[in-house]
Amino acid sequence: MNKIWWKESIMYQIYPRSFKDSNGDGIGDIRGIIEKVDYIAGLGVDLIWLGPVYESPNDDNGYDISDYYKIHPEFGTMADFKELLTLLHDRGIRLIMDLVVNHSSDEHHWFEEARKSKDNPYRDYYIWKEGKDGGPPNNWQAFFGGPAWHYDEATEEWYHHLFTVKQPDLNWENPKLRAEIYKMMQHWLDMGVDGFRMDVISLISKRLEYQDTPVDNLMYQVNNYNANGPRIHEFLKEMNQEVLSKYDIMTVGEGPGITKELAHKYIGESRKELNMLFQLELMFKDNGPGGKFDVQEVKLVDFKKLFRDWDAAVGTDGWNNIFLDNHDFPRMISRFGNDREYRYASATLLATFLLTMRGTPCIYMGSEIGMGNVAFDNIDDYRDIETLHYHSTSLDAGADMDDVMRRIHIQGRDNVRTPIQWSDDEHAGFTTGAPWIKANPEYHQVNVEKDKLSNRSIYAYYQELIELRKSDELFVYGGFEDLMPDDPNIYCYKRSMDGTGYTILLNFSDAELVIPKEHKTEVLIKSNYQDAKDDKLKPWESRIYKF
Ligand code: TEU
Ligand code: CA
C-alpha cells in the first residue's frame, strides 16, 4: 500500500452559500469562510472541499457555471479567494475546488455562441441533434424532470442536457473543448489549489447512438445509457497525463452509475486516472421504483455489506472516500441516526464511523454540531430546483400534497442547505440580513455557541476522534474486517496491521444491547458515553478498543 498525504487527510465539505455571510446580503461568502478559518482548523481537518464559487446564474446553485475563471461576485473577489487559500495553507490545510465539466451554464459564452448558428466555431462544444417525429431526438429524461433535450428555435435543433435546461451538456468528443477544460484546470492548480472534486464525471463520455431507453426509469437510463460511456477512461487518462500528473494534488470523482465492479477502473493506482470516488450507491440505496422521493428502508446489514464490498473492491490498489451525507442528500444524523432522543450519541457514533473506517473521511459542514434535517411546512420556504420541480409536478398530477411534503422533509436537498447554526441569534447568527434560505428552527437548541459550552460537545468529540485518527497511521493504512456482518443492530469491525489494532463497536439502535463477548479482554480507549458499562452497549453507543 503506497503512503500518500491524501489517504491521511481528513476532509471537510463547505457549501459556500450556507456557511457564513460576512456582508449581510443573506448569502454565505468567501469572507465568511475567512472569519471561520480558526473554527475549521480547530476541528483538526486538513482538506477542504469548497463547493462551486464560480460565476453562475445559479439555476442549480453554482453547478451551472458561466465563467470557469471568475469568482461569483456574491461570493467575493479573486483576492478574497487567494487570501482564503493562503490562510488555509498557512495552517496546513489544503483546498480542492469543484470541477463541473459535464455541463456548463447556458449563459457561458461558449453556449451563447454555439446556439447562434450551426456553423459557429463553438457549436460543437455542445451536443445538438435533429428531432424525431416532431419531438426530441430520444426519450431520455433529465435528472430534475422533463426531457433531456431542449429545442432551440434559432437553429431548429435540440441540445442535450442531463440536468436542467440551463445546464447544456458539453461535448467531450471535441478535442478543442477538452483542451479548454485542461487549460482551465491548470489555471487553478497554478494558483495553488490542491485538486478537484469532479462533478458527475461518470457522465462525460456519451453513447453516440443516443438510443431510446426501453424502461421509464431515470436511474435505469442513467446507469445503462449515460454513465460509464465508451471513452470515459480514455478521457480521464488524457486529463491525468495533460494536467493531474504534473501537480502534487488529489482528485475525487463523483457520479452515478459507478458500481463497485467498475470502481477500480476509475481509481486503481496503476490506472493513472483518479484518486478516489464519492460512491453514490449508499446514497441511492433507499430510492424505490418511483425514484428518490419514493423512500424505502435500508437495513444495517445492507449498509455494512455495502462498505465491506467497496472496501474489498478497492483492495490495495485503490482508495475509498467515506461519507454519509453532502449537499445533495439528507443529513446523516436524520438518515442513519436518531436526531430526536439520541442526538448527541448518534451524531458522535456516526463521527466514530467516518473517522475509523479505511478510506479518506469527508465531514459535511454542520455534522460537527449534529445538525439535522429541516421540515418547512410551506413550499415557499424551499429553494432547491429538484424539490420545487417534484412539488409542482406532483401538484399537477393531483397527488396527496401532505404526503408530498412528508417526502420532501425526508429526502429534499434543502435539508443540508440551511445555514450553519452559529448561535441562538436571529437567523442562527448566519447573517445580519435576510438569509437566502431560512435557518432550521432547531437552531435554538442546536448551534455552535451552545455546543461549545456543553459538556457533551459534538464538536469536541470530533476534535478528539480526529486527533486519535491522526495519532496512529493504522487508522489509515490498517486492514478492515467486518466482524459481525449479520448482526441487525451492531456494526463491529477491526482495523489492524500485524496483529495489533482497534475494534470498533457501534450500536445503531435505540436499544441497550449485550456486548459481544469476544471483545471484553481488549482495552476500551474511547466511548461516546461517560458512564459506559462493562457488559452493555447503551443506545447509539460507540466504542473503540485497542488490542
Ligand atoms: O450531483 C450529481 C448527482 O448524481 C445528482 O444527480 C444527485 O443524484 C442528485 O443531486 C440527487 O438528488 C451533482 C451535484 O452534486 C449536484 O448538486 C448537482 O445538482 C448536479 O451534479 C449537477 O451538476
Ligand atoms: Ca454575503
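A residue counts as buried when its relative accessible area is under 20%, and as exposed when that area is over 50%, with partly exposed in between. Keep these cut-offs at hand during the tour, which goes through a predicted model.

Begin by selecting I93, in the loop between α4 (78–90) and β5 (94–99). Its relative accessibility is 2%, so I93 counts as buried. If you then show its surroundings, leaving aside the neighbours within four places in sequence, you will find I93 in contact with A41, V45, D46, L47, I48 and L88.

Two of them can be coloured by accessibility: D21 is buried, with a relative accessible area of 3%, whereas D25, at 37%, counts as partly exposed.

Finally, select helix α6 (residues 175–190) together with helix α8 (residues 232–242), which pack at an angle of about 45 degrees with their axes 10 Å apart. This angle makes α6 oblique to α8, and the crossing of the two helices is right-handed. To see the contact itself, show the side chains of R178, Y182, M185 and Q186 on α6, and of F235, E238, M239 and E242 on α8; the residues of this contact divide into 4 nonpolar, 1 polar and 3 charged.

Technical notes:
Residues numbered from 1 in each chain as written. Chains lettered and ligands numbered in written order. Predicted model: local features only at pLDDT ≥ 70, side-chain atom pairs only at ≥ 80, totals over all residues. Heavy atoms only, no water. Axes fitted to C-alpha atoms, helices over the stretch in contact; angles between N-to-C directions. Helix = DSSP H or I, 4+ residues; strand = E, 2+ residues; numbered from the N terminus. Parallel < 35°, antiparallel > 145°, perpendicular 65-115°, else oblique. Left-handed = near helix turned anticlockwise from the far one by under 90°. Contact = heavy atoms within 4.5 Å. Nonpolar A, V, L, I, M, F, W, Y, C, P; charged D, E, K, R; others polar. Buried < 20%, exposed > 50% of the residue type's maximum accessible area, 1.4 Å probe, protein only.
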